[in-house]
Amino acid sequence: MLDAYPILTLLPPLVAIILVIVTKKVLISLGAGILTAGLLLADFNPITMVVTVGEAILRLVWVDDAINWYTILIVAFLFQLGIITALVMMSGGASSFTEWAAKRIRKRRGAKVLTGLLGMLIFIDDYFNALAVGQVARPITDRYRISRAKLAYLIDSSSAPVVVLMPLSSWGASIMGIMAPLLASSALMLTQVEAFVLSAAMNYYAIAALVLLWLTILMGLDFGSMRREEERAVRGDGLQNPKDDTPDPFADDMPKHEPGAMRALVLPFVILIIGVVAAMYVSGGILGESWGILDTLAAADVAIALNVGGVAALIVAAYYCIRYTKGNPEFTAGTKRRGTAHGAKSMLPAVLILLFAWTLGDLISEMGTGEFLASLVEAMSMSAVWLIPVMFVIAGLMAFATGTSWGAFGILIPLAGEMMNAVQGGDEFLIASFGAVLAGAVWGDHSSPISDTTILSSTGAACSVAVHVATQLPYAFVGAVSSLAGYVVYALTQNGVIGLITTIALVFIIAMVIRKVRPPIKDHDVSVANPARA
């Protein structure tokens, strides 16, 4: 059936996405998408469907006659991070850091600035960014009554958009590897690094997303359903909607050592960062057989690196928890065990959602959803320069439907390169086509409720995935419209600088209109208030 009607490959992701938005129940929605994909792959034979879905689930742990260490290690890292957070909270490190920051941060805007800066500084990997920034920033944003939805937006908009622009990141190095053979077959005399930097300048969406992020922080832009979340938080009515099905994983009263020491939070996360970066370099050098920085990043095993840093940070966090709670009658061995178990349990909802999303992504890949969308580009007869805005839209739709920007990268970057190298005069638009594909992929990934980075950003912020998607979509739409306008102007002028200026100018204009129509929410002396209840 799928061979006869390839458009049906869009049905499973659409079912999942629409149900997430309508019902707010992520697991049920992903499950419906999985069953739909299974039925289509099995030609509506229920027995074959069970086998097909079962095989997809099995591939989470066993693929190509070997253990699937990637998924296992990512799940292990999530549990490690939950335990680290619990240990840091019990040792008083989180409350101590919050008190320290409170002496230096006087307004809600300052807490948002801190979160934005952390997101841009931790650019080595999007998974790591989404989880680490959330764990560090959440106590501060909670204190200043910043909604969990806004925190999730700040995390998500400073993870993938930053990582995709940085050559010294897991994404940058891998993207350069995909570009390499296409550059070699073109007439352009550019190195991989030069091509990546130039394509980053043509990645209008990532740039627009970061500009909008900082305008949102500095100008207090709250629109769409985000405004309701922020108004509730400022009033002190809760950091998230009580109807949400994702409570704060650490809302339970867990004993905390008082007074805590800030090093009990800072050092575990510093060790985490150092451990991950060092392990990426070493694993990349061993696997890639080259010790150049870019080569090691391209070949690095991110899953192993996250676990090396996670275990190191876990040991440090455990040391401080034992050290600072020693002799405190509240902290019996049983209490510490319960706290540690609670930390691991807090990550269980995120783990389940991620496993469901991976299963759906596997089935979508088997159906050929990405290939169908890519074929639409190949079927279009138009001049090379006008393929640039088309590729942006197709890459966005592909990433949105499949929940992965990597799938869009892997399919569309080679396709764009082959098309541009094949047409007369296409070489001059090769870099722009790379930038448009990268931009569209990040836009789709940024907007999709079945994206792993969306799920992990929600996890880091302790926010419902459905709420995060609903509140972030208006911001992503502004960035996408501005970027598309930029690519259209580029097609008209064939000047990348003018296209970029158009994109940024449109973001500023829309931001000013929004600020005029929806003035910033007043802080109401939030800076001296107690944290809002979660």
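Is Glu366 buried, partly exposed or exposed? At 44% relative accessibility, Glu366 is partly exposed; buried stands for under 20% relative accessible area, exposed for over 50%, and partly exposed for in between (1.4 Å probe, protein chains only). This is a predicted model, in which local features need pLDDT of at least 70 and side-chain atom pairs count only at pLDDT 80 or more, while totals for chains, interfaces and linings use all residues. Residues are numbered from 1 along each chain as its sequence is written, and side-chain values use heavy atoms, with hydrogens and water left out.

**Confidence**
- The average pLDDT (the predictor's confidence in each residue, from 0 to 100) is 84 for the protein, and 92% of the residues score at least 70.
- Residues 527–534 stay under 50 in pLDDT, and the model has 21 contacts for them beyond four places in sequence; a contact means heavy atoms within 4.5 Å.
- Where pLDDT is low, the predicted coordinates should not be read in detail.

**Overall form**
- The protein has 25 helices and two strands, which are DSSP runs (H or I, at least four residues, for helices; E, at least two, for strands) numbered from the N terminus.
- The C-alpha trace spans about 75 × 55 × 50 Å along its principal axes.
- Of the 534 residues, 56% are buried.
- Of the contacts between residues at least 6 apart in sequence, 80% join residues at least 24 apart.

**Salt bridges**
- The count is eight salt bridges, each a side-chain nitrogen of Lys or Arg within 4 Å of a carboxyl oxygen of Asp or Glu.
- Glu366 pairs with Arg59 in a salt bridge, with the closest N and O atoms 3.1 Å apart.
- Because Glu366 lies in helix H18 (residues 348–367) and Arg59 in the loop between helix H3 (46–58) and strand S1 (62–63), this pair ties together parts 307 residues apart in sequence.
- Arg59 is also partly exposed, at 23% relative accessible area.
- Glu230 forms a salt bridge with Arg108, the closest N and O atoms being 2.7 Å apart.
- Arg108 is in helix H6 (residues 108–121) and Glu230 in helix H13 (residues 225–235), so the pair ties together parts 122 residues apart in sequence.
- Arg108 is buried at 2%, and Glu230 is buried at 0% relative accessibility.
- Glu230 also meets Lys150 in a salt bridge (3.7 Å, N to O), and Lys150 is buried.

**Cysteines**
- The whole structure has zero disulfides, a disulfide being a pair of cysteine sulfur atoms within 2.5 Å.
- Cys321 is buried at 2% relative accessibility, and Cys463 is buried at 3%.
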